[in-house]
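Here are my notes on this one, in the order I would go through them with the model open. Have a look yourself and see whether you read it the same way.

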Amino acid sequence: MVELDGRPVGLLASLDQDAPRLNYDRIFLRDFAVASIPLLIEGETEIVRNFLLACVEMQSREEPFDCFRPGKGLMPASFRPVDDGSRLDADYGEDSIARVTPVDSVFWWMLVLRAYVKKTGDKELAARDDVREAMRLIVELALTARFEMYPTLLTPDGSFMIDRRMGVYGHPLEVQALFFAALRAAHELMPADEPHQKHVGKRVQHLVYHLRQYYWVDPGRLEALRKGKVDQYGEQDGNIFNIYPDAIPTWAGGWVCDGAGYFAGNVGPGRLDYRFFSHGNLLAALFGLASDEQTQAIARLFEIRRDDLLACMPLKLVYPAFEDRDWQIETGSDPKNRPWRYHNGGSWPFLLLPWTAACLRAGRADLAAEAVEQAGPHLAADDWPEFYQGVDGGAVGEQARRRQIWSAAGWLGANLLLENPSEAEAFSWPADIEPKPC
Ligand code: GLC
């Protein structure tokens, strides 16, 4: 637990003393967001409140046009106390490998704020001038003019949980799910007369339509893509992204069947990334971005593809991994992301939390309970590793940190949810947004 001026303000990413500290001695916003769930459930609210206000303090207020400064409204990927715990040093990517700037931090912050307010009833925090201003800046950062005309958010490579090159630039599912939920949170927490409220409300409707229509993959969609027209202009055809049938990978056909379905990893011009990303799909189910039927289909996929996705240790971040030439091209021959390792098909215990919440949403507590129960003794014996590797996810990851905070939080949070499923209400929404085409 990290303190600022003697008050708890966050949790370090890892407590592993044997591995090089690198940047694991920082508080990552996304890692803390996951950890805030068990903290809030257990009534540890002060640290969450302090974290929220510290992020407001660090949020960039830079005026536009300086390309070397974080954009106005941005929040850091991570921070650490300096000068004997009297000041926080924020990293917007300047200190990270490949200098990747986080897109997801502001959205995680908004989700933590909403969960905090729901759990504590402390609406005054969200009504404070500085917190309201922070929300407004985030909404402006996300909704203002840009170079394209889709409801989704254009995202650079490696700018979220996957923070290394992995072919996740463009419109990655995970960022769209977080963006959607952050807008829902903003709509709930900002006063009705706030100038951007109307646009926020419309954007969530467009996002629901867009994701359910263009990202969804199931046998019916694959068939439509196989038979769909290509090279059509404007409004003439439903294949608006001009996806070519020959690009459907051979594995995808038989893999998704028998009532299962999922959201593709990425959609853009001429591009449907058919890979299955667990985190984005689970978040889509929790935030009501997936319809109730789609949530059932995602749970079904986990059930029929248990060996691929849960494997020995839950839960695969992405399936399948890039191999051979794909690995060379898409990761830039990154040794840490060799096939079935780390981001490229490694298994991440923090996912147990969203996985359990999504299973409960789908009425499949049985699926979650079994996996959580089996994982517990291994996680403890392995000292809470950051990730596992191998096609079967059976070995502790090379270079994986032990005593990783969000691995422990994922398992703990999953258990707390299984004990009391209603706790998930603080960080989820029903699928009640009416989809609206553009
Ligand atoms: C790695 C992960 C990132 C995480 C950080 C701290 O960089 O890719 O998602 O936030 O470690 O745990």
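1. A bit of bookkeeping before the sheet: two strands pair if DSSP finds at least two bridges between them. Helices (H or I, at least four residues) and strands (E, at least two) are DSSP runs, numbered from the N terminus. This is a predicted model, where local features need pLDDT of at least 70 and side-chain atom pairs count only at pLDDT 80 or more, while totals for chains, interfaces and linings use all residues. Residues are numbered from 1 along each chain as its sequence is written, and side-chain values use heavy atoms, with hydrogens and water left out.

2. Overall picture. The chain has 16 helices and 13 strands, and its C-alpha trace spans about 65 × 55 × 40 Å along the principal axes. For 438 residues a compact globule would have a radius of gyration near 22 Å, and the chain, at 21 Å, agrees with that. The radius is taken over C-alpha atoms, and the globule rule is 2.2 Å times the number of residues to the power 0.38.

3. Now the sheet. Three strands make an open sheet in the order β3-β4-β5, with antiparallel pairing. β3 (27-28) and β5 (87-91) are the edge strands, each pairing on one side only. Two bridges join β3 to β4, and Ile27 stands opposite Phe79 in β4.

4. The hairpin deserves a look. β4 and β5 form it with four residues between them. For context, most residues other than glycine have a negative phi, and most peptide bonds are trans.

5. On peptide bonds, I'd check two. The bond from Pro314 to Leu315 is cis, with omega near 5 degrees; Leu315 lies in the loop between α12 (306-309) and β11 (318-319). Tyr319 and Pro320 are also joined by a cis peptide bond, with omega about -10 degrees, and Pro320 sits in the loop between β11 and α13 (324-331).

6. First helix pair. Helix α15 (residues 365-381) and helix α16 (residues 405-419) pack at an angle of about 140 degrees, with their axes 10 Å apart. Axes are lines fitted to C-alpha atoms, for helices over the stretch in contact, and angles run from 0 to 180 degrees between N-to-C directions. That makes α15 oblique to α16: angles under 35 degrees count as roughly parallel, over 145 as roughly antiparallel, 65 to 115 as roughly perpendicular and the rest as oblique. The contact (heavy atoms within 4.5 Å) includes Ala365, Val372 and Leu379 of α15 and Trp411 and Leu418 of α16. By class it has eight nonpolar, two polar and no charged residues. Here Ala, Val, Leu, Ile, Met, Phe, Trp, Tyr, Cys and Pro count as nonpolar, Asp, Glu, Lys and Arg as charged, and the others, Gly among them, as polar.

7. The axes of α6 (residues 173-189) and α10 (residues 278-286) come within 8 Å and cross at roughly 25 degrees, which makes α6 roughly parallel to α10. Glu174 and Leu178 of α6 are among the contact residues, as are His279 and Leu283 of α10. The residues of this contact divide into five nonpolar, three polar and one charged.
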